[in-house]
Amino acid sequence: MSAPDDTTPRVHRKRMEIFAFLFLTAIVMPLLAVGTVGSYGLGVWIYQMFAGPPGPPPSPH
C-alpha cells in the first residue's frame, strides 16, 4: 500500500481558495457596487420627487 498523500487536500483547498477569490472579485463585488450606487440614486430620485430639485429658490418677480 502507498503512504497517504498529504498534498491532495492542500491542492483542493488552494483551488477552492482561488475560486472563492475570483467569485468575490468578479461577481459579488461588482453586484454590490451596482446595487449600492443604484439604491443611492433611487433614494435621491425619490427624495427629489417630494422636495424638488436642488438649487436656489426661484427669484420673485
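Where does phenylalanine 21 lie? Phenylalanine 21 lies in helix 1. Before I go on, a reminder that this is a predicted model.

I'll start with the helix itself. Helix 1 covers residues 7-51, which is 45 residues. From its first C-alpha to its last it reaches 63 Å, close to the 66 Å expected at 1.5 Å a residue. There is a bend in helix 1 of about 35°, located at leucine 24. What comes after helix 1 is glycine 52, and the phi of glycine 52 is positive, near 90°.

Two C-alpha distances give a sense of scale. Phenylalanine 21 and proline 9 are 12 residues apart along the chain, and their C-alpha atoms are separated by 18 Å. Phenylalanine 19 and proline 30 are 11 residues apart along the chain, with a C-alpha separation of 16 Å.

Back to phenylalanine 21: is this residue buried or exposed? Its relative accessible area is 52%, and the cut-off for exposed is over 50%, so phenylalanine 21 counts as exposed.

Next, the aromatic pairs. How many are there? The count comes to 1 aromatic pair. That pair is phenylalanine 19 with phenylalanine 23: the ring centres are 6.2 Å apart and the planes are at 20°, so the pair is stacked. The cut-offs behind that are centres within 6.5 Å and planes under 30 degrees apart. Phenylalanine 19 is found in helix 1. The two partners are 4 residues apart in helix 1, so about one helical turn separates them.

As for accessibility within the pair, phenylalanine 19 has a relative accessibility of 52% and therefore counts as exposed. Phenylalanine 23, at 38% relative accessibility, counts as partly exposed.

Now the surface. Which residues form the nonpolar patch? They are Met16, Phe19, Phe23, Leu24, Ile27 and Leu31, and together they have about 600 Å² of accessible area. So both rings of the stacked pair belong to residues of this patch. Leu24, where helix 1 bends, is also one of the patch residues.

Methionine 16 lies in helix 1, and its relative accessible area is 44%, so methionine 16 is partly exposed.

To recap: helix 1 has 45 residues and bends at leucine 24. Phenylalanine 19 and phenylalanine 23 make a stacked pair, and both are in the nonpolar patch on the surface. That is what I have on this model.

Definitions and conventions:
Residues are numbered from 1 along each chain as its sequence is written. This is a predicted model: local features need pLDDT of at least 70, side-chain atom pairs count only at pLDDT 80 or more; totals for chains, interfaces and linings use all residues. Side-chain values use heavy atoms; hydrogens and water are left out. Patches are made of residues with over 30% relative accessible area and no salt bridge: like charges are joined within 9 Å, nonpolar side chains (Val, Leu, Ile, Met, Phe, Trp, Tyr) within 5 Å. Accessible areas come from the Shrake-Rupley method with a 1.4 Å probe; for residues, only the protein chains shown count as cover. A salt bridge is a side-chain nitrogen of Lys or Arg within 4 Å of a carboxyl oxygen of Asp or Glu. Helices (H or I, at least four residues) and strands (E, at least two) are DSSP runs, numbered from the N terminus. Buried means under 20% relative accessible area, exposed over 50%, partly exposed in between (1.4 Å probe, protein chains only). Rings of Phe, Tyr and Trp (its six-membered ring) pair if their centres lie within 6.5 Å; planes under 30 degrees apart count as stacked, over 60 as edge-to-face and the rest as tilted. The expected span of a helix is 1.5 Å times one less than its number of residues. The bend at a residue is the angle between axes fitted to the seven residues ending there and the seven starting there.
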